[in-house]
Amino acid sequence: MQTMKSILIFVLWLSSGNVLAQVGEQRVEAKGASLDALREKHALRSLFTLTEKVIVSAADAMPADKYGFAPTDGEFKGVRTFGQMVKHLSATNYILAAAALGNEPPADAGDELGPEAVRTKTEILNYLNGSFARLDKAIEAIGQKNIPVKSSPISPLKGAEVTRMALVVESLVHAFDHYGQMVEYLRMNGVVPPASRS
């Protein structure tokens, strides 16, 4: 829980810094200079690395025979299985990374469901790792004016609000929302999430 609080504080700090940086960027660009993209990429990559580590390790920790698990007691009726949740998280990464790189969303990402053919733990982990690789490319493209940015149909950011950094941050915030759910599913199956192990 302390890790989640720290991450949330970091995300809020990064977001507030981004707003201030955009205001500063507008002032600096008016004078013919630009914001230091290397600093922005470095800060975002730190958050990205942490996110990737906890998400992938949590997905890997769930036994293969539990990827079809979904809680049924209480207010859980109709929720995704563990495997479906990881595929959804991955598909969202792919879709938002595509927008950040000026590309169309992958056709097999579906409506944030991921490819139907991806079913086993190994296939889902490969899909998850691939989605983080795409986000990494989006981070690398920050500051590159020759690579366009598109709005995404799944993002609340539209038109002039869309930036490469905002799409990546949106994807990471979304991933951590699902990480909280992944932790619950793991613990319901007697698995301590790797990030919580001492």
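How many aromatic pairs does the structure hold? The structure, which is a predicted model, holds six aromatic pairs. I shall discuss two of them, and then turn to the helices.

In one of these pairs, the ring centres of Tyr67 and Phe82 are 5.1 Å apart and the ring planes stand at 75 degrees, so the arrangement is edge-to-face. Angles over 60 degrees fall in that class. This pair joins distant parts of the chain: Tyr67 belongs to the loop between helix 2 (37-61) and helix 3, Phe82 belongs to helix 3, and the two are 15 residues apart. Are these residues buried or exposed? Tyr67 counts as buried, because its relative accessibility is 5%. Phe82 is likewise buried, with a relative accessible area of 0%.

Phe82 also forms an aromatic pair with Tyr185; this one is tilted, with 6.3 Å from centre to centre and 45 degrees between the planes. Here too, distant parts of the chain are linked, since Phe82 lies in helix 3 and Tyr185 in helix 5, 103 residues apart. Both Phe82 and Tyr185 are buried. Taken together, Tyr67, Phe69, Phe82 and Tyr185 form one aromatic cluster.

I now come to the helices themselves. Two packed helices are described by the angle between their axes and the distance between the axes. For helix 3 (residues 82-100) and helix 5 (residues 164-188), the axes come within 9 Å and cross at roughly 175 degrees. Helix 3 and helix 5 are therefore roughly antiparallel to each other; the cut-off for that description is an angle over 145 degrees.

Which residues in helix 3 meet helix 5? On the side of helix 3, they include Phe82, Met85, Val86, Leu89 and Leu96. Their counterparts in helix 5 include Leu167, His174, Ala175, Met182, Tyr185 and Leu186. By class, this contact of helix 3 with helix 5 comprises 12 nonpolar, seven polar and two charged residues.

Finally, helix 4. Its 20 residues (residues 121-140), at 1.5 Å a residue, should span 28 Å, and the end C-alpha atoms are 29 Å apart, which agrees. Which residues of helix 4 are buried? Among them are Ile124, Leu125, Tyr127, Leu128, Phe132, Leu135 and Ile139, and the list also includes Lys121, Gly130 and Ser131. The elements covering the buried residues of helix 4 include helix 2, helix 3 and helix 5.

How values were computed:
Residues numbered from 1 in each chain as written. Predicted model: local features only at pLDDT ≥ 70, side-chain atom pairs only at ≥ 80, totals over all residues. Heavy atoms only, no water. Axes fitted to C-alpha atoms, helices over the stretch in contact; angles between N-to-C directions. Helix = DSSP H or I, 4+ residues; strand = E, 2+ residues; numbered from the N terminus. Parallel < 35°, antiparallel > 145°, perpendicular 65-115°, else oblique. Contact = heavy atoms within 4.5 Å. Nonpolar A, V, L, I, M, F, W, Y, C, P; charged D, E, K, R; others polar. Phe/Tyr/Trp six-rings, centres within 6.5 Å; stacked < 30°, edge-to-face > 60°. Buried < 20%, exposed > 50% of the residue type's maximum accessible area, 1.4 Å probe, protein only. Expected span 1.5 Å × (residues − 1).
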